Amino acid sequence: MKKFWALFFWFWPLVALYVCLIAPGNNWWFPSKPLSTMGHQIDGLFYLILIIVTVTFVGTEFALGYALWMGATKEPGRRAWFSHGSHKLEVVWTIVPAFVLVFISLTQLDVLADIRVLARFPESVKEAPVAEVMARQFEWRIRYPKPGTELMTSPQPGDLYFVNEVHVPATVPTMINLRTQDVQHAFFVPRLRVKQDAVPGLIIPVWFEIEEAGEYELLCAELCGWGHYKMKARIIADSPEGVSAYLTRLEREQNEDGVQEAETASVK
Ligand SMILES: [Cu+2]
């Protein structure tokens, strides 16, 4: 029975190793391949940490199984090695994890800076957010500048509005300004690996470069109230021409007061 437990603890690291090896190919960790330029770096960090924890888990489980096996097969009368209080071992298993943690934090600094630090954003987007995304319980309100003008911090006459659908250009770096009208929300686009909190009182620039045109789910990733579950929207990534055609259409719809149509009908 003692040998069974040694084998039991050797079995799980083998399962872990197997899952770790086949998981990336089967997309078990992520909803899809990363579809933004930043997404590749973020997935890379995830896999780096996955490799480190897998090696640690497999190593410690094998050591545990080894100790159990040695205990199960020892000759009667042989005394076990008593390591409790070993200064050398304590130093080793304090310094090694400390180095691993410092290594991880240094490795991710660049990626974090690319995501968060405005000075490191691509030049083309720094001064030109395409839209303001205002989170509120429980929807996303989008404000585009009037076509041909720049987005201002406060709403301007001629600005265009829509709810729960953001149109942005694909294959070029794009920036939006993220705000919240009430509580804290989080702008989360899983397939782009974009996640940013919306904090009351702050205007937070968020940039991304979507690699393929298409439709992407935008979710709120912060428990923000009873209707949090329904706080979903779509990001439509289109060609720059497609986006300006959409904005022209939106402008026409927004300015449509019905009067002209009625006049034309009465003339007929
Ligand atoms: Cu929310």
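Two strands pair if DSSP finds at least two bridges between them. Strands (E, at least two residues) and helices (H or I, at least four residues) are DSSP runs, numbered from the N terminus. I start from these terms and go to the sheet.

**Entry 1: ground rules**

I am reading a predicted model, in which local features need pLDDT of at least 70, side-chain atom pairs count only at pLDDT 80 or more, and totals for chains, interfaces and linings use all residues. Residues are numbered from 1 along each chain as its sequence is written.

**Entry 2: the open sheet**

I looked up the strand order. Five strands form an open sheet, running β4-β10-β9-β6-β7, with mixed pairing. I find β4 (165-169) and β7 (194-198) at the edges, each pairing on one side only. On average, neighbouring strands here are turned by 25° against each other, direction ignored. For such angles, axes are lines fitted to C-alpha atoms, for helices over the stretch in contact, and values run from 0 to 180 degrees between N-to-C directions.

What packs on this sheet? Helix α5 (residues 240-255) does, touching β4 and β10 (232-238). The direction of α5 makes about 140° with that of β4. Contact here is between residues whose C-beta atoms, placed from the backbone, lie within 7 Å.

**Entry 3: pairings inside the sheet**

I went through the strand pairs one by one.

- β6 (residues 185-189) and β7 run antiparallel and are joined by five bridges. I note A186 opposite D197 of β7.
- β6 also pairs with β9 (residues 214-220), antiparallel, over two bridges. F188 has L219 of β9 as its bridge partner.
- β9 and β10 are antiparallel over six bridges. L219 turns up again, opposite K232 in β10.

A background note for reading side chains: in a regular strand they alternate between the two faces of the sheet.

Next I checked β1 (residues 131-136).

β1 pairs with β5 (residues 174-180) in the parallel sense, over five bridges. A131 has I176 as its bridge partner in β5. β1 also pairs with β2 (residues 139-144), in the antiparallel sense, over five bridges. A hairpin of two residues joins β1 to β2.

Most residues other than glycine have a negative phi, and most peptide bonds are trans. I looked for departures.

- Q137 and F138 are joined by a cis peptide bond, with omega about 0°. F138 sits in the loop between β1 and β2.
- T171, not a glycine, has a positive phi of about 60°. T171 lies in the loop between β4 and β5. Is T171 buried or partly exposed? T171 is partly exposed, with 14 other C-beta atoms within 10 Å.
- R193 also has a positive phi, near 60°, and is not glycine. R193 belongs to the loop between β6 and β7. R193 is buried, with 21 other C-beta atoms within 10 Å.

**Entry 4: domains**

The domain assignment gives domain 1 (2-74 + 86-119) and domain 2 (124-256). Such bounds come from an automatic or database assignment. I read 36 Å between the C-alpha centres of domain 1 and domain 2. Their contact takes 11 residues from domain 1 and 12 residues from domain 2.

What is the class make-up of the domain 1 side that touches domain 2? I count six nonpolar, four polar and one charged residues. Ala, Val, Leu, Ile, Met, Phe, Trp, Tyr, Cys and Pro count as nonpolar, Asp, Glu, Lys and Arg as charged, and the others, Gly among them, as polar.

**Entry 5: the whole chain**

The protein has six helices and 10 strands. Its C-alpha trace spans about 110 × 40 × 35 Å along the principal axes. The radius of gyration is 27 Å, whereas a compact globule of 268 residues would have one near 18 Å. That radius is taken over C-alpha atoms, and the globule rule is 2.2 Å times the number of residues to the power 0.38.

Of the 268 residues, 19% count as buried. Among contacts between residues at least 6 apart in sequence, 70% join residues at least 24 apart.

Terms used: Contact = placed C-beta atoms within 7 Å. Buried ≥ 20, exposed ≤ 12 C-beta atoms within 10 Å, placed from the backbone.
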